[in-house]
Amino acid sequence: MPVFSRFLRYFLSVAQYGSIRKASEHLRIAASAIDRQILHGEEALGTPLFERLPSGLRLTAAGELLYTNGKQWTREMQEVRTQLEDMRGLRRGQVDIALPDALTTGFLPRILKDLRKSHPGITICTHVLDNAVIQQALINGEVDFALLLNPTQARGLLVRTHIDYPLGFICLPDHPVAQQKNARFSICAEYPMVMPQQPLALQRQIEILEIDSNVSVQPVASSDNIQMIKSLVLEGVGLGILSMLDVMKEVTSGELAFVPISNRDVSPLTLALCVDQARQLSGAARLVIAEVEKTFLAPLET
């Protein structure tokens, strides 16, 4: 809300980047103007906010205090602005969504396309992040809501709804495994395997399956990227393991086959729509969430 405090906007950016030059590039404001505002602020507060070091700027104790409270003030002002817009019945604004790479194709882009047609005043910003950092981005107030794989319990985190997707083998349609309705994890010892690596969310589940099945998989290839795993399987390199969420598009088109893993203790991959319980959501964010939740209620149509 620079209309209320130009100084605070500049201060928060300098604190984030640790450099007036980098803040200048980010804000597209002259470095001299930013420096002048910081100096005026320090003079008004009667205390230095930064230590000037050869490597850049570092917050003083007073600066740390202002930074923490400044971020909180900015979030609260955004919530006030959201409430004012809702009072006026506006259906516009920006909605920020955090999501893992697995959702860059499939149902979400289709939902966003439809929203663009029905509500052109809403700007939707998607932030594709490692699943491990999505939850913290939500709690930090960086996004309005998140689509999170296998969420863990955290203070303030609210799971509004979720879908469970089975884990399974992916292969070419003419592969012998494709003829089975399901298969045990132990068949990994019979075929060349293309395995997922961390930080993919299903890596931990595969480690558990290896222990329970007493099978140590020796893959011919591995990757921390879902698209690469699918590409390797499509090229016939080996049999892969992913969730149905990861390959829904290719299975529907007939490019790949999906065979669920039948081990009793295998856990599905949970995709959850999460919000910060303490945050007041804008009307635009609530509208987008409602549209996404419709898909969660009818997962077979995704």
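In which sense do E8 and strand E9 pair, and over how many bridges?

Modeller: The model is a predicted one, and the description that follows should be read with that in mind. E8 and strand E9, the latter covering residues 221–223, pair in the parallel sense, and three bridges join them. Within this pairing, Val194 stands opposite Ala221 of E9. Strand E8 itself spans residues 193–196. Its side chains point two ways: Met193 and Met195 are directed to one side, Val194 and Pro196 to the other, and all four residues are buried.

E8 also pairs with strand E10, residues 239–243; these two strands run parallel and are joined by two bridges. Val194 takes part here as well, with Gly240 as its bridge partner in E10.

Lys230 and Glu250 meet through their side chains, with a distance of 3.0 Å from N to O. This pair links distant parts of the chain, since Lys230 belongs to helix H8 (residues 226–234) and Glu250 to helix H9 (residues 244–253), 20 residues apart. Lys230 counts as buried because its relative accessibility is 3%, under the 20% limit for that class. Glu250 is likewise assigned to the buried class, its relative accessibility being 8%.

For context, the chain also contains an open sheet of five strands with mixed pairing, in the order E4-E3-E5-E12-E6. Its edges are formed by strand E4 (122–128) and strand E6 (157–165), each of which pairs on one side only. On average, neighbouring strands of this sheet are turned by 20° against each other, direction ignored. Within the sheet, strand E5 (residues 145–149) and strand E12 (residues 269–276) run antiparallel and are joined by four bridges. Leu148 stands opposite Ala272 in E12.

Helix H5 (residues 107–118) packs on this sheet, where it touches strand E3 (93–99), E4, E5, E6 and E12; the direction of H5 makes about 165° with that of E4. Helix H6 (residues 131–139) lies across E3, E5, E6 and E12, and runs at about 155° to E5.

The largest nonpolar core holds 64 residues, of which Phe169 and Val292 touch the most other members. Helix H10 (residues 283–297) supplies the largest share of this core, seven residues. Leaving aside residues up to four places away in sequence, Val292 touches Phe107, Leu108, Ile111, Phe145, Leu147 and Leu273. In soluble globular proteins, nonpolar side chains tend to be buried together.

The structure holds eight salt bridges, among them the Lys230 and Glu250 pair already described. Arg160 forms another with Glu293, the closest N and O atoms being 2.8 Å apart. That pair, too, links distant parts of the chain, with Arg160 in strand E6 and Glu293 in helix H10, 133 residues apart. Arg160 is partly exposed, at a relative accessible area of 42%, whereas Glu293 is buried at 16%. A further salt bridge brings together the side chains of Glu51 and Arg58, at 3.2 Å from N to O. Both partners are partly exposed: the relative accessible area is 33% for Glu51 and 45% for Arg58. Side chains of opposite charge can pair when their charged atoms come close.

Some values for the whole chain complete the setting. The chain has ten helices and twelve strands, and 44% of its 302 residues count as buried. Among contacts with a separation of 6 or more, 72% are between residues 24 or more positions apart. Taken along the principal axes, the C-alpha atoms fill a box of roughly 75 × 50 × 35 Å.

Definitions and conventions: Residues are numbered from 1 along each chain as its sequence is written. This is a predicted model: local features need pLDDT of at least 70, side-chain atom pairs count only at pLDDT 80 or more; totals for chains, interfaces and linings use all residues. Side-chain values use heavy atoms; hydrogens and water are left out. Two strands pair if DSSP finds at least two bridges between them. Axes are lines fitted to C-alpha atoms, for helices over the stretch in contact, and angles run from 0 to 180 degrees between N-to-C directions. Contact means heavy atoms within 4.5 Å. Buried means under 20% relative accessible area, exposed over 50%, partly exposed in between (1.4 Å probe, protein chains only). A nonpolar core is a set of buried Ala, Val, Leu, Ile, Met, Phe, Trp, Tyr and Cys residues joined through side-chain atoms within 4.5 Å. A salt bridge is a side-chain nitrogen of Lys or Arg within 4 Å of a carboxyl oxygen of Asp or Glu.
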